[in-house]
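Dear colleague,

Please find below the structure that I am handing over to you. A summary of the findings follows it.

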Amino acid sequence: SCGALPAAPSILRRSRARRGGKRVRFAQVTVYYFARRQGFTCVPSAGGSSLGMAPRHHRARRYSLSQFAHLRQVSHRQHLRQHLRREKLRARRRELTQNGTVPSAEAAGLTLADVSDDDLDVGQVEVGDYFYLQPLPTKRRRALLRASGVRRIDAEERQELRALRLSREQCGCLCRLTCEPRTCACSQAGIQCQ
């Protein structure tokens, strides 16, 4: 006579039981600080030199998760405040120059120091929604490099970056309907005709 085999434990029950037992929990964040250097590793969307960092960090700090979250919020709020200050300065200059059509000595003399915190609507903008990496204008990138101690900015990089941006605008080849390997840029580069 055949006896009934004991029921095998369910795989689903086992996986549910395991899920609750082991979890990864982070207690701290380590932040590494690097000096700025001229990049040579990225291509900014508009002119000038790129920003990079030194090969080795010069400082490391450990934070608890709550300290790090607070630090990020303060940093993001400062970035937002600077961004809003620059926007307000541009708007004032536009007003004084009649939308940039009439030169104005008063507009030319305005600086970021002329825009007070009272002029900014920081409270109206949710920092979490706003903050993301913003492209920096060429002048700001150069100023950041100089402030970080970069004495000589390699001017050749500007030409190399310009050539890269131009090459990225042209993608594929000029073939129509059929590929002409003698004139096809794709074929000459050893890739399939685009």
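Patches, a term needed further on, are made of residues with over 30% relative accessible area and no salt bridge; like charges are joined within 9 Å, and nonpolar side chains (Val, Leu, Ile, Met, Phe, Trp, Tyr) within 5 Å. Accessible areas come from the Shrake-Rupley method with a 1.4 Å probe, and for residues only the protein chains shown count as cover.

This is a predicted model, in which local features need pLDDT of at least 70 and side-chain atom pairs count only at pLDDT 80 or more, while totals for chains, interfaces and linings use all residues. Residues are numbered from 1 along each chain as its sequence is written, and side-chain values use heavy atoms, with hydrogens and water left out.

Confidence and overall build

The average pLDDT (the predictor's confidence in each residue, from 0 to 100) of the protein chain is 80, and 81% of the residues score at least 70. Confidence is lowest in helix α1 (residues 11-21), with a mean of 59, and highest in strand β4 (residues 59-64), with 96. Seven helices and four strands make up the elements of the protein chain; helices (H or I, at least four residues) and strands (E, at least two) are DSSP runs, numbered from the N terminus. Their order from the N terminus is α-β-β-β-β-α-α-α-α-α-α. Of the 194 residues in the chain, 19% are buried, where buried means under 20% relative accessible area, exposed over 50%, and partly exposed in between (1.4 Å probe, protein chains only).

Surface patches

Val24, Phe26 and Leu65 form a nonpolar surface patch of about 360 Å². Leu65 belongs to helix α2 and is partly exposed, at 42% relative accessibility.

A patch of positive charge on the surface brings together Arg142, Arg146, Arg151 and Arg158. Here Lys and Arg count as positive and Asp and Glu as negative, without His and the chain ends; the place of a charge is taken as NZ of Lys, CZ of Arg, CG of Asp or CD of Glu. Arg151 sits in the loop between α5 (138-147) and α6 (156-169), and its relative accessible area of 68% makes it exposed.

Salt bridges

There are two salt bridges in the structure, each being a side-chain nitrogen of Lys or Arg within 4 Å of a carboxyl oxygen of Asp or Glu. One joins Arg90 to Glu87 at 2.5 Å, N to O. Both residues lie in helix α2 (residues 65-96), three residues apart, which is about one turn of the helix. Arg90 is partly exposed at 40% relative accessible area, and Glu87 is partly exposed at 34%.

The other links the side chains of Arg182 and Glu180 at 3.9 Å, N to O. Arg182 is exposed, with 71% relative accessibility, whereas Glu180 is partly exposed, with 39%.

Separations along the chain

Val31, in strand β1 (residues 28-33), counts as buried at 19% relative accessibility.

Glu106, in helix α3 (residues 105-109), is exposed at 55% relative accessibility.

With kind regards
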